[in-house]
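Subject: A structure for you to look at

Hi there,

Here is the structure I promised to pass on to you. Have a look around it first, and then read my notes below.

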Amino acid sequence: MSERPVLLEMKGLRIEARVGETWSEIVHGIDLTLHKGEVMGLIGESGAGKSTIGLAAMGFARDGCRLSGGEISFAGIDLMRASEREKRRLRGARIAYVAQSAAAAFNPAHRLIDQFCEAPLEHGLAGRRETEAYAEELFTRLRLPEPDTIGFRYPHQVSGGQLQRAMTAMAMSCRPDLIVFDEPTTALDVTTQIEVLAAIRDVVEQFDTAALYITHDLAVVAQMADTIMVLRHGDMVELGETRQLLAQPKEGYTRDLLQVRSFRKPTMAEASRETPLVELQGVSAAYGPVKVLDKVSFALHRQRTVAVVGESGSGKSTAARVITGLLPPTEGRVMAKGEPLPPDYRKRTKDQLRQIQMIYQMPDTALNPRQSIRQVIGRPAAFYLGLSGKRLEERIRELIRLIELDPDDYVDRLPTELSGGQKQRICIARALAAEPELIICDEVTSALDQLVAEEILELLQRLQDELGLAYMFITHDIGTVRAIADEVVVMLQGQVVEQGPKNTMFTPPHHAYTEKLLASVPEMDPDWLTNLLAERPKMV
Amino acid sequence: MTAVLRLFGEAPWSARLGIVLITLYVVVAVFAPLLAPYGERAIVGYEYEPWSEAHLLGTDNLGRDMLSRLIYGARNTVGIAFATTVLAFLLGGAMGLVAATLGGWTDQALSRLVDVLMAIPQLIFALLILTIVGTSVVSLILVIAVLDSTRVYRLSRAVAMNIVVMDFVEAAKLRGEGLWWIIRYEILPNAMPPLVAEFGLRFCYVFLFISALSFLGLGIQPPTADWGSMVRENATLISFGDITPLLPAACIAVLTIAVNFVVDWFLMKTSGLKE
């Protein structure tokens with residue numbers, strides 16, 4: 001690989017971001033060399049500077065950022081000194097960019113084909129007819145359905161995974177030398193992600209395009225990249241050939257990243273025969289005429305974790321809304337300790353409400369930005385348990401210690417002064433303040449970096465052991481399921497397709513859908529995708 | 001006090017100017033009897049006297065001192081406008097927040113009622129009602145407050161709608177909190193910045209509206225000094241090339257601009273926007 005000509009070279013790249021009136025450095029001197037046809041993975045937590053570096057490869061800095069030092073040269077052109085016109089000639093034509101959310105990157109008012117043709121026509125590289133023919137070829141290679149007509153649809157008329165592939169096609173429209181992929185599969189379900197990964201890898205190989213592949217998921221980048229650069233806080237931690245780096249990481253931080261998901265809950269004895277804490281009995285639910293749950297039944301027991309898995313739209317969050325009483329079921333009922341719960345939360349008693357608490361996916365929107373931590377945690381304790389004055393203050397401090405934060409430091413802060421992981425901890429404390437028996441965790445780790453997510457899972461597990469809580473864990477991430485579940489419920493299109501203890505669920509034979517779901521989870525093995533594709537040659 | 005001073009120091013020049021001007025208006029309005037050289041209604045000279053030592057800005061169509069009337073006008077016009085705006089916000093803001101939080105039929109009923117009120121042109125509607133109920137200061141305040149509360153309602157409902165869907169509001173509902181608590185502690189603190197900004201703008205509109213009504217003869221009634229009616233009373237002077245009748249209009253314009261300067265700054269500060 002290294003004997004091929006150098007395409008992109010960064011030397012001591014420094015990037016600054018504006019905080020208020022002052023500039024502070026967020027990327028501290030990165031050296032990066034990318035050869036023609038090479039795929040390099042940039043990996044790190046949020047704030048590591050990976051997207052910023054990806055954009056810098058195009059000579060671009062986001063609003064509020066500036067390229068402050070070092071050199072960037074692309075195919076012999078000095079991007080630090082090139083004029084805006086020169087850079088514009090490169091962008092789209094020789095360097096292309098694929099964003100995380102294709103849905104937000106496409107203009108909803110234009111057909112896909114029009115947006116595909118925009119760059120080649122703008123750069124005067126090809127005529128309209130020629131470009132459309134090339135689009136069809138690319139759509140075929142990216143395994144989009146009906147490649148001859150799909151371009152004439154509008155962005156909202158195709159699925160998320162298809163849109164992400166269409167975006168890749170659009171990036172390829174001018175046969176660029178370099179494509180920057182910025183978390184292209186992060187927003188997709190695992191089963192969809194695998195199709196997009198395979199498609200991207202194929203076209204990049206076929207057209208001999210170089211790529212910077214930005215992601216926070218080491219398992220994904222292992223499938224895609226020739227070399228991997230690990231970044232942290234704007235510094236390079238480690239750079240190495242993919243297999244080498246995965247097999248023998250030199251730095252401690254890389255090892256931490258590799259060991260993510262090593263956390264495992266000890267296997268529990270069989271479910272007790274006692275009355276379940278909460279039980280769904282043949283529950284169906286609908287949003288207006290759209291039926292989203294179809295005769296769903298499962299039970300939640302004390303001190304046990306039930307993971308509910310499925311793609312987006314499978315009805316797993318709706319099941320949570322039925323339990324909490326936000327969406328009364330059209331059929332069936334929710335039982336609590338053998339007694340039926342009122343279907344509507346407004347009809348439930350204070351004590352019934354107290355027993356079921358919820359932790360949300362996005363800690364940013366789950367905390368009122370105008371309330372201090374004391375108010376956030378104190379309110380449920382005061383509301384349900386009637387604590388006040390000194391006893392309330394003591395309880396608040398106890399709860400903050402329970403979530404492994406320092407009460408003196410945190411009790412008066414506002415949510416905006418916390419990191420994502422800390423916010424999620426506060427959400428956990430708020431749920432605990434009610435002294436509940438069941439906590440519903442709705443994708444609680446999916447908005448967090450992997451190392452932080454791991455800490456949250458460990459915290460939840462410790463709390464379960466200490467307090468005997470029951471968890472209903474809604475997730476689409478099999479890694480989380482493996483880590484924390486006692487029992488698994490697999491959902492597809494509003495129905496439960498399989499349920500049982502974790503160990504039996506992860507040993508064959510599986511239901512066909514469970515099989516697909518399990519097989520789609522990327523593994524660290526760089527050959528995983530290749531092997532999987534070999535096994536399933538007729539993947540749609 | 002030091003915090004206020006520091007805040008003032010951080011403000012851009014436009015906002016500082018706005019704050020100084022508004023303070024000036026308030027001082028003039030509060031201390032009007034001390035500042036004015038003559039009484040509000042006293043006839044102290046001949047009609048339409050030019051500017052002189054005795055009457056700095058001349059006299060009006062009845063021979064009253066123009067400067068004194070301007071000073072008293074600040075008290076009447078600004079005071080009434082302020083009372084009206086506060087009332088409009090209490091009414092419209094409360095209804096909008098309730099409608100957004102409860103949703104369903106409450107929201108439908110309130111929103112359609114507001115639609116009906118808004119479908120009729122505001123000025124004509126106000127003229128109609130004021131002709132029926134008569135033009136006292138109280139009825140003036142009530143009528144304009146109700147009409148303006150429809151605009152406040154729409155804004156506060158729209159702002160609250162975005163907040164109601166947040167998870168922390170859902171968490172509060174599931175906790176079993178009552179309507180009052182959710183509005184007071186979860187929604188209102190987050191809806192405050194746009195509402196305060198709107199308060200500034202709405203104040204200007206109300207102010208102009210009262211002046212317009214006064215100019216048409218249905219606003220603040222003579223002999224009470226009011227900037228809107230002062231323009232009308234002395235309008236004949238304009239044809240003689242005298243700028244005196246435009247001075248009350250200038251007072252209105254300057255206050256409007258000053259309020260907007262402060263509002264812009266406040267919006268920028270709270271929303272974190274940079275220029």
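Before we start, one term: a residue counts as buried when its relative accessible area is under 20%, and as exposed when that value is over 50%. Please also keep in mind that this is a predicted model.

**The cysteines**

Let's begin with A:Cys117. Its relative accessibility is 0%, so A:Cys117 counts as buried. A disulfide is a covalent bond between the sulfur atoms of two cysteines. How many disulfides are there over all chains? The count comes to zero. For A:Cys117, the nearest cysteine sulfur belongs to A:Cys174 and lies 10 Å away. Because a disulfide needs two cysteine sulfur atoms within 2.5 Å, A:Cys117 is in no disulfide.

**A threonine in a loop**

Next, find B:Thr244, which sits in the loop between helix H10 (227-233) and helix H11 (246-271) of chain B. Is this residue buried or exposed? B:Thr244 has a relative accessible area of 3%, so it is buried. Its side chain makes a polar contact of 3.0 Å with the side chain of B:Trp51. Setting aside neighbours within four places in sequence, B:Thr244 touches B:Trp51, B:Leu57, B:Met66 and B:Leu237.

**Where the two chains meet**

Now turn to the contact between the chains, to which chain A gives 19 residues and chain B gives 16 residues. Together they bury about 1,800 Å², with 54% of that on carbon and sulfur atoms. Three residues, A:Tyr360, A:Arg370 and A:Arg379, supply 30% of the area that chain A buries against chain B, more than any other three residues.

The largest share, four residues, comes from H14(A). Sorted by class, the side of chain A that touches chain B has eleven nonpolar, four polar and four charged residues.

Enjoy exploring!

Best wishes

Terms used
Residues are numbered from 1 along each chain as its sequence is written. Chains are lettered from A and ligands numbered from 1 in the order in which they are written. This is a predicted model: local features need pLDDT of at least 70, side-chain atom pairs count only at pLDDT 80 or more; totals for chains, interfaces and linings use all residues. Side-chain values use heavy atoms; hydrogens and water are left out. Contact means heavy atoms within 4.5 Å. Buried area is the accessible area (1.4 Å probe) that two parts lose on being put together, summed over both. Helices (H or I, at least four residues) and strands (E, at least two) are DSSP runs, numbered from the N terminus. Ala, Val, Leu, Ile, Met, Phe, Trp, Tyr, Cys and Pro count as nonpolar, Asp, Glu, Lys and Arg as charged, and the others, Gly among them, as polar. Buried means under 20% relative accessible area, exposed over 50%, partly exposed in between (1.4 Å probe, protein chains only). A polar contact is a pair of N or O atoms within 3.5 Å; within protein, one must be able to donate a hydrogen and the other to accept it, and residues adjacent in sequence count only if both atoms are side-chain atoms.
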